[in-house]
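Welcome, and please have your viewer ready. We will go from stop to stop, selecting a few residues at each one and looking at what is there.

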Amino acid sequence: MKTFRTTAAALLLTVSIVSMSYAIAGIGFHWGFDFSLSMDDARNETVNIPGINLPSELSGLTDIPPLFKVSRENWDRSAINFGGKAYIDFIPVIEALEISCNFGLWQYDGSMAFLDITGSDPIENDWKYKEVKLGVDNVGLSYLSLKGTPYAKLQLDATVRKNIFKFPPAANIIKLNAGGGVSAHFATPALSSKLIEEVFAKKDFGVELADLAATLADNPNNEISKAIVQKIIDEALGKPVLGMHILLGTQIKIPFIPAGIYVDGKYMIPFTKFDSEAGSDFNGMGFLLNAGLSLSI
């Protein structure tokens, strides 16, 4: 009888450990490190704004350079990237299904240059430009913790997982899993000639080059610069870029404790470029690493 009770107690303990090791469902909160985005430096891209009246000193000249140019430099990933996930862990065959998200911030040095009529010498074909910086600090706006030209991305992933390694086999304290799924990326537009042209098309800034140049030069918080940066901020959740991802992750969970830690590595593969106006390297393909805390039942 004693042997039976001992055996029954051992079996009950084993079943309890195993049952507590298999989460039915859960949620997670993580911090991310997104290395998937990069942007080529680009200087002096021509901005074509129709209907601008040239000053009299330029009348009759045929070899006039672009009136406006735009530049992007020094792409920088900020420390802000966070998200969460919800998962079901008892799906037959595939074992787990989860929905996750990440929100991240980047910034860069964006600027617009305009033709400086007073500083140029048309006779000698010596043309000068003045630069106007287009960071949130430069135009009197704010966007979370950023100071330069802002870039934000919200990423949504649907992933299927399958465990490929468990240790120890009975308790499953450490699990290594692999999988993949689909992704949708919602991001701000990048500063480009097209974006500036759209701002001028929707705003009435006047048509005299001298007046536009004076507005841009005399006031760093002028309405033109502010409208350009505000358009970037306002279109933060625009048309999504669809893609897929491949995942390799690990989870550590102690039996009887409903919390655990996890690390997920994803390789992001968008189907199209994030912004065709922002250079050939701005395609969003690369690694995302998340580390976080999970709570399960």
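## Stop one: the largest pocket

The largest pocket holds about 510 Å³ of space. Keep in mind on this tour that the model is predicted. To find the pocket, select Pro189, Lys239, Phe274, Asp275 and Ser276, which lie nearest its centre among the 22 residues of the lining. Next, colour strand 7 (174-187), helix 2 (193-202) and strand 8 (241-253): these are the elements that give two or more residues to that lining. Helix 2 gives the most, with 3 residues. If you colour the lining of the largest pocket by residue type, you will find 9 nonpolar, 6 polar and 7 charged residues.

## Stop two: the second largest pocket

Now move to the second largest pocket, with about 190 Å³ of space. Select Asp116, Thr118, Ala210, Ala213 and Ala214, the closest to its centre of the 14 residues that line this pocket. Two elements give two or more residues to the lining here, strand 4 (95-121) and helix 3 (209-218). Which of them gives the most to the lining of the second largest pocket? Helix 3 does, with 6 residues. By type, the lining of the second largest pocket divides into 9 nonpolar, 1 polar and 4 charged residues.

## Stop three: the cavity

How many cavities of 30 Å³ or more are there? The count comes to 1, and about 160 Å³ of space lies in this largest cavity. Then show strand 3, strand 4, strand 6, strand 7, strand 8 and strand 9 (259-270), each of which supplies at least two residues of the lining. The lining of the largest cavity is made up of 3 nonpolar, 5 polar and 8 charged residues.

Stay with one of these residues, glutamine 251, which belongs to strand 8. Is glutamine 251 buried or exposed? Its relative accessible area is 13%, so glutamine 251 counts as buried. Show its side chain together with that of serine 294, and you will see a polar contact of 3.5 Å joining the two. Beyond the residues up to four places away in sequence, glutamine 251 touches Tyr87, Ile173, Ile174, Lys175, Ile261, Tyr262 and Ser294.

In soluble globular proteins, nonpolar side chains tend to be buried together. For an example, select Phe68, Tyr151, Leu191 and Ile228, which touch the most other members of the largest nonpolar core, a set of 50 residues. Elements giving two or more residues to this core include strand 3 (68-91), strand 5 (126-133), strand 6 (149-167) and helix 4 (223-234). Strand 4 gives the most, with 7 residues.

Zoom in on leucine 191 and show what surrounds this residue. Among the residues that leucine 191 touches, leaving out those up to four places away in sequence, are Val70, Tyr108, Ser111, Leu134, Ile196, Ile228 and Ile232.

## Last stop: serine 111

Finally, pick serine 111 in strand 4. With a relative accessibility of 6%, serine 111 is buried. Showing side chains brings up a polar contact of 3.0 Å between serine 111 and glutamate 131. Apart from neighbours within four places in sequence, the contacts of serine 111 are Lys69, Val70, Ser71, Glu131, Val132, Lys133, Leu134 and Leu191.

How values were computed. Residues are numbered from 1 along each chain as its sequence is written. This is a predicted model: local features need pLDDT of at least 70, side-chain atom pairs count only at pLDDT 80 or more; totals for chains, interfaces and linings use all residues. Side-chain values use heavy atoms; hydrogens and water are left out. On a 1 Å grid over the protein atoms alone, a cavity is a set of points where a 1.4 Å probe fits but cannot get out, and a pocket is an open set with protein on both sides within 12 Å along at least five of seven lines; lining residues have an atom within 4 Å of a point. Grid points are joined across faces, edges and corners, and a volume is the space filled by probe spheres set on the points. Helices (H or I, at least four residues) and strands (E, at least two) are DSSP runs, numbered from the N terminus. Ala, Val, Leu, Ile, Met, Phe, Trp, Tyr, Cys and Pro count as nonpolar, Asp, Glu, Lys and Arg as charged, and the others, Gly among them, as polar. Buried means under 20% relative accessible area, exposed over 50%, partly exposed in between (1.4 Å probe, protein chains only). A polar contact is a pair of N or O atoms within 3.5 Å; within protein, one must be able to donate a hydrogen and the other to accept it, and residues adjacent in sequence count only if both atoms are side-chain atoms. Contact means heavy atoms within 4.5 Å. A nonpolar core is a set of buried Ala, Val, Leu, Ile, Met, Phe, Trp, Tyr and Cys residues joined through side-chain atoms within 4.5 Å.
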